[in-house]
2 protein chains.
Amino acid sequence: MKKIINRAEDAVNEMISGLVAANPELVDSIPEKRIVYRKQLNKKKVAVITGSGSGHEPDQLGFVGKGMMDAIVAGPVFAAPTADAIYEAAKLTAGNQGVLFMVKNYTGDRAQFSMAAEMCEMDGIKTKTVMTDDDVAVKDSTYTAGRRGICGAIFGYKVVCAKAEQGADLETLVALAERVNANTRSMGFSLTSCIPPAKGTPIFEIEDDEIEIGIGIHGEPGRERMKWQPADILIENIVKNILEDLPFRASDEVAVMVNGLGATPTMELYIAYRKVAEMLDAAGIKTFRSYVGNYCTSLDMAGCSVSLLKLDEEMKTLLLEPIEIPLHIF
Amino acid sequence: MKKIINRAEDAVNEMISGLVAANPELVDSIPEKRIVYRKQLNKKKVAVITGSGSGHEPDQLGFVGKGMMDAIVAGPVFAAPTADAIYEAAKLTAGNQGVLFMVKNYTGDRAQFSMAAEMCEMDGIKTKTVMTDDDVAVKDSTYTAGRRGICGAIFGYKVVCAKAEQGADLETLVALAERVNANTRSMGFSLTSCIPPAKGTPIFEIEDDEIEIGIGIHGEPGRERMKWQPADILIENIVKNILEDLPFRASDEVAVMVNGLGATPTMELYIAYRKVAEMLDAAGIKTFRSYVGNYCTSLDMAGCSVSLLKLDEEMKTLLLEPIEIPLHIF
């Protein structure tokens with residue numbers, strides 16, 4: 001294993017430290033709790049918080065700032081953050097409007113956010129929790145009861161946080177978050193396993209000519225293992241599953257995300273996007289806005305996922321609201 | 001070799017097709033010439049064009065749009081674009097103010113841009129060419145006479161294109177581009193070789209415990225091959241070389257880019273940034289703005305580079321001018 005790290009056990013904390021150093025005007029952190037929070041807190045609005053195991057960056061710590069998350073709570077690599085840290089993040093960011101927890105559907109995250117919600121309640125902090133389960137690949141996988149939450153969750157962060165910024169109340173945000181989740185579908189495939197720093201070896205075996213279709217972002221098994229196929233066939237496979245699941249229909253308007261899992265060149269993501277666009281065109285589905293890049297990764301896994309959100313007019317407006325987060329280009 | 005491609009010989013054209021499909025409001029292309037150009041051309045200003053071999057995305061095709069490049073010309077993977085295509089891009093974008101070519105210093109690119117400039121001259125199109133050679137690692141490397149141009153070139157694109165947008169004339173832009181290049185220094189290291197699609201195998205051998213210090217973005221040899229070291233020691237090595245070369249001094253103000261070479265997780269880039277920030281602080285150098293992500297890659301190479309630009313007041317203003325390019329986050 002070769003990585004740009006010091007000690008594996010320090011990797012997450014040093015990453016957070018680097019993120020804060022790179023964005024001193026936008027974010028700050030409570031290192032011992034692995035909380036990253038927006039520097040200019042607005043306590044008149046509902047606070048929106050997410051959290052998960054680390055290793056999916058830029059999700060989630062890159063999404064803290066004005067117009068996006070008020071705080072995120074990072075766990076160790078691929079392991080849920082503690083209820084205690086989530087509770088601290090809620091105390092730090094909550095005003096009178098309460099806190100919305102947006103959580104990807106994994107058993108560990110569910111449990112910790114649920115405990116944190118109880119701690120908040122005892123403290124008089126009103127919370128609501130919305131789970132994201134956008135991955136159409138499998139149900140009841142490793143670490144999950146029901147469907148998994150993957151990259152499509154980021155559509156929810158953007159839309160819901162923009163609405164929170166406008167002063168919407170907690171119930172309105174819950175309804176919006178559930179509507180976004182209900183209209184989001186994702187699926188991915190991987191070419192390689194990632195190598196977590198502390199483990200130092202791949203978390204699953206995959207041959208040089210094999211593809212895992214429907215991979216999870218922690219390397220959980222997908223639907224099937226197949227021999228390598230050209231990009232167009234791989235993309236056709238996952239996008240067909242996505243389209244049929246909602247289902248998306250002609251004249252629907254969508255946001256599209258082609259997401260790299262960490263080690264995939266930008267060149268390949270645009271080749272993938274080309275086929276996605278061709279399929280959407282053929283289905284009469286209109287693309288409102290598209291995103292091509294690394295958004296929710298699995299460390300150094302090669303592969304990609306596709307996420308579609310069926311938009312309504314409110315979501316379209318909220319998707320374009322300005323944000324101030326660490327992921328600026330210039 | 002497993003990649004998200006169809007036929008290797010179609011990879012670059014399909015990538016361009018995907019980029020245009022993802023950004024129909026911003027860019028268009030001339031596929032047979034591999035030209036990507038800004039859709040809303042402004043012929044009253046100097047046109048700014050760059051080009052290089054493909055495989056470094058998002059550099060350069062992600063940087064086309066308002067406030068950035070008017071056109072880019074993509075070659076095959078790691079091979080210069082043709083003079084003919086560069087000339088076509090100039091004809092397409094040039095008004096009366098002429099064209100600025102901004103080119104990274106490689107022998108092949110120099111030759112093609114030089115020929116294109118001659119073709120433009122015969123056609124009455126005024127051109128100037130500025131070379132970037134920010135890499136402090138080596139001189140007279142494979143494909144290069146003098147120093148190589150790597151990721152720091154992107155600072156030049158941003159600053160010079162913002163000035164062009166304001167209506168500056170060709171001579172002013174040349175002087176600014178040379179001033180930015182003179183104040184930019186970069187160096188990188190790699191953990192792995194990339195695998196070009198058409199080759200299908202690594203372009204150099206490197207052991208599981210080895211690091212190439214001073215790597216080129218086409219896999220050209222660096223200064224030395226060493227055993228793996230912790231992130232802080234690797235970063236210290238390259239940043240020390242960068243700082244001593246200009247040299248950067250206490251109270252200088254800089255823009256900092258920590259650039260992933262394609263397969264490096266965001267987590268590792270922030271760990272790297274943390275050490276860069278620590279060294280700049282220790283040297284009394286002030287960071288005006290920082291960029292952490294994949295900007296100028298080498299396909300699926302693991303590793304990173306660091307670039308510093310010593311800023312003056314004009315550069316600071318230009319760096320923050322708004323842009324409209326394919327690399328939006330939301």
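This is a predicted model: local features need pLDDT of at least 70, side-chain atom pairs count only at pLDDT 80 or more; totals for chains, interfaces and linings use all residues.
**Stop 1**

**Stop 2**

Show the contact residues next. Domain 1 of chain A brings 36 residues to the contact, and domain 2 of chain A brings 40. Together the two domains of chain A bury about 3,000 Å². Carbon and sulfur atoms give 64% of that area.

Now pick out Phe78(A), Val136(A) and Phe155(A). These residues supply 22% of the area that domain 1 of chain A buries against domain 2 of chain A.

**Stop 3: charges and polar pairs between the domains**

Select Lys163(A) and Glu314(A). They form a salt bridge, with the closest N and O atoms 2.6 Å apart. How many salt bridges are there between domain 1 and domain 2 of chain A? The count is four. Polar contacts across this interface of domain 1 and domain 2 of chain A come to 19 residue pairs, both residues being at pLDDT 80 or more.

Which elements of domain 1 of chain A give two or more residues to this side? Select helix H4 (153-165) and helix H5 (170-182) of chain A. H4(A) gives the most, with six residues. By class, the side of domain 1 of chain A that touches domain 2 of chain A has 18 nonpolar, eight polar and ten charged residues.

**Stop 4: chain B against chain A**

Bring chain B into view. Here 66 residues of chain B are in contact with 66 residues of chain A. The two chains bury about 5,600 Å² between them, 66% of it on carbon and sulfur atoms. Select Lys2(B), Ile4(B) and Phe330(B): they supply 19% of the area that chain B buries against chain A, more than any other three residues.

**Stop 5: links across the chains**

Select Glu268(A) and Lys3(B). This pair forms a salt bridge, the closest N and O atoms being 3.8 Å apart. Between chain B and chain A the count is four salt bridges. The rule also finds 22 residue pairs in polar contact across the interface of chain B and chain A, both at pLDDT 80 or more.

Finish with the elements of chain B. Those that each supply at least two residues of the side touching chain A include helix H1 (11-22), helix H7 (266-282) and strand S11 (286-293) of chain B. By class, that side of chain B has 40 nonpolar, twelve polar and 14 charged residues.

Conventions
Residues are numbered from 1 along each chain as its sequence is written. Chains are lettered from A and ligands numbered from 1 in the order in which they are written. Side-chain values use heavy atoms; hydrogens and water are left out. Contact means heavy atoms within 4.5 Å. Buried area is the accessible area (1.4 Å probe) that two parts lose on being put together, summed over both. A salt bridge is a side-chain nitrogen of Lys or Arg within 4 Å of a carboxyl oxygen of Asp or Glu. A polar contact is a pair of N or O atoms within 3.5 Å; within protein, one must be able to donate a hydrogen and the other to accept it, and residues adjacent in sequence count only if both atoms are side-chain atoms. Helices (H or I, at least four residues) and strands (E, at least two) are DSSP runs, numbered from the N terminus. Ala, Val, Leu, Ile, Met, Phe, Trp, Tyr, Cys and Pro count as nonpolar, Asp, Glu, Lys and Arg as charged, and the others, Gly among them, as polar.
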